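Here's a quick briefing to read with the structure open beside you.

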Amino acid sequence: MNWLSYFTGQLTVELTGADIPGTLRVLSERGITLLKTVPIDDLTVRINIGRKDYPRIRDIAKKRGDILTVRKRMGLYWKFRELLNRPVLILGLCLLLILTAYLPTRIFFVQVEGNAMIPTRLILEKAGECGIGFGASRRAVRSERMKNTLLEAVPQLQWAGVNTRGCVAVISIRERAEEQETAEPSAFGHIVALMDGYILSCTATKGNLICGPGQAVVEGQILISGYTDSGLCIRAEQAQGEIYGRTIRTLELITPSDTMKKRDKDEEGRKISLLIGKKRINLWKDSGIWDTTCDRMYEEYYITLPGGFQLPAALTVERYVSRELSETEIPQAEAERLLESTAQRYLKEQMLAGSIQDSQPEFTAEPGILQMAGKFDCVELIGVMQRLQIGETNGENN
């Protein structure tokens, strides 16, 4: 089989007749090429012919009363004809060719590396808004414009780079260092009292200490001065140190004596959705109206491929437990504990540093409410930094 006949197709046929030599002679006179001839017996011969010569040979054999039987089809033409009879396979091959050419140019997974303080989910969300997401072009995500857009979207980033590994985009980042509040070399100021109290301990690391233990101070009073008399001159600097004192804080709190309490669950419902990127498709939902009295539990099940690559598609399940609210009276002892613990937590948040030594709460019950008025004896850091500009003396005479 030569290369031309391989592309155009060949047939292996058996010719059966009373005068086989005569039929072969007629085929030769008509200019029909017989590629291969193999005698089988006196009445039958097997020959290889071109596909296009088959109709002519069939007509000649019919006129001479011979029988022509096709035994085998060979060549690329017949293979292609067989392929046409399988449309599903053809569609799959075409789809495979398209995907082979298309997939290497797209991004389907995004990873983040180098972040310590910034959440990965935040970076992925901002990257998606900038165009670095599922289906994005590999060439586009590696452009300088895309990197600058990401830096503008996340101000906490100092540097960002996007590299691609196949269909995976890797966002490498460097976080901006936290700026520590430090005094400028030329800045100066005092340590002043944050509130009224009397001093328990004092330590000055810079500046002139002008207070001592046991001394009563008022809010705004200078405790450590930023001016130091050096003999020939007065040196101005930023005072530093720690001043602890005893303070008295007062606080009033009110809480209702009744509350709304949830009973045991009355009804449970579910809502199942398909989440593709940011698009949500609701698949199934129980009947009923769910409001704020329901307990809501939300779960997401993302599709993860081998190797840890997570597709932007997830099945979400929301469970709603309906509970009826009923008005319940709060026991007074429980309400008092709640008020006192809330007061102590609030005061600790207001302190720079320190603790509550003693408390004297007084509770008053009125219709519908419970009121607490208390005095709290605290030991806390009362010295705070006060910065001044050149030329300011804050009331001091130099």
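Let's start with β6 and β9, which run parallel and are joined by five bridges. Keep in mind that this is a predicted model. Within that pairing, V110 stands opposite A169 in β9.

**Around β9**

- Strand β9 covers residues 168-175, and seven of its eight residues are buried, so the rest of the structure largely encloses it.
- β9 also pairs with strand β8 (residues 157-165), this time antiparallel, through eight bridges.
- β8 and β9 make a hairpin with two residues between them, and G166 in the turn has a positive phi of about 70°.

**The five-stranded sheet**

- Elsewhere there's an open sheet of five strands, paired antiparallel in the order β13-β11-β17-β25-β24.
- The edge strands are β13 (216-217) and β24; each has a single partner strand, so one side of each has no neighbour in the sheet.
- At the β24 end, twelve bridges tie β24 to β25, and the two run antiparallel.
- If you want a landmark there, F363 has M372 in β25 as its bridge partner.

- Helix α9 takes in residues 332-350, and at 1.5 Å a residue its 19 residues should span 27 Å; the end C-alpha atoms are 27 Å apart, so the two agree.
- Which residues of α9 are buried? They are A335, L339, A343 and L347.
- Looking down the axis of α9, you'd see those buried residues fall within an arc of 100°, so they line one face of the helix.
- As background, an α-helix has 3.6 residues a turn, so residues three or four places apart point the same way.
- The face turned away from the buried side of α9 carries the exposed residues R337, K348 and E349.
- As for what the buried residues of α9 pack against, the list is β17 (240-256), β24 (354-366) and β25 (369-381).

**Aromatic pairs and the charges over them**

- Searching the whole structure turns up two aromatic pairs.
- One is Y77 with W78: the ring centres are 5.1 Å apart and the planes sit at 80°, so this pair is edge-to-face.
- Y77 counts as partly exposed because its relative accessibility is 25%, while W78 is buried at 15%.
- The other pair is F108 with F134, also edge-to-face, at 5.2 Å centre to centre with 70° between the planes.
- That pair links distant parts of the chain, since its members are 26 residues apart: F108 is in the loop between β5 (106-107) and β6 (109-113), and F134 is in the loop between α6 (120-130) and β7 (136-137).
- Is F108 buried or exposed? At 17% relative accessibility, F108 counts as buried, given that the cut-off is under 20%.
- F134, by contrast, is exposed, with a relative accessible area of 52%, the cut-off here being over 50%.
- R73, in turn, lies over the face of W78, at 5.2 Å from the ring centre.

Definitions and conventions
Residues are numbered from 1 along each chain as its sequence is written. This is a predicted model: local features need pLDDT of at least 70, side-chain atom pairs count only at pLDDT 80 or more; totals for chains, interfaces and linings use all residues. Side-chain values use heavy atoms; hydrogens and water are left out. Rings of Phe, Tyr and Trp (its six-membered ring) pair if their centres lie within 6.5 Å; planes under 30 degrees apart count as stacked, over 60 as edge-to-face and the rest as tilted. Buried means under 20% relative accessible area, exposed over 50%, partly exposed in between (1.4 Å probe, protein chains only). Helices (H or I, at least four residues) and strands (E, at least two) are DSSP runs, numbered from the N terminus. A charge sits over a ring if NZ of Lys or CZ of Arg is within 6 Å of the ring centre and within 35 degrees of the ring normal. The expected span of a helix is 1.5 Å times one less than its number of residues. The arc is that of the directions from the helix axis to the C-beta atoms. Contact means heavy atoms within 4.5 Å. Two strands pair if DSSP finds at least two bridges between them.
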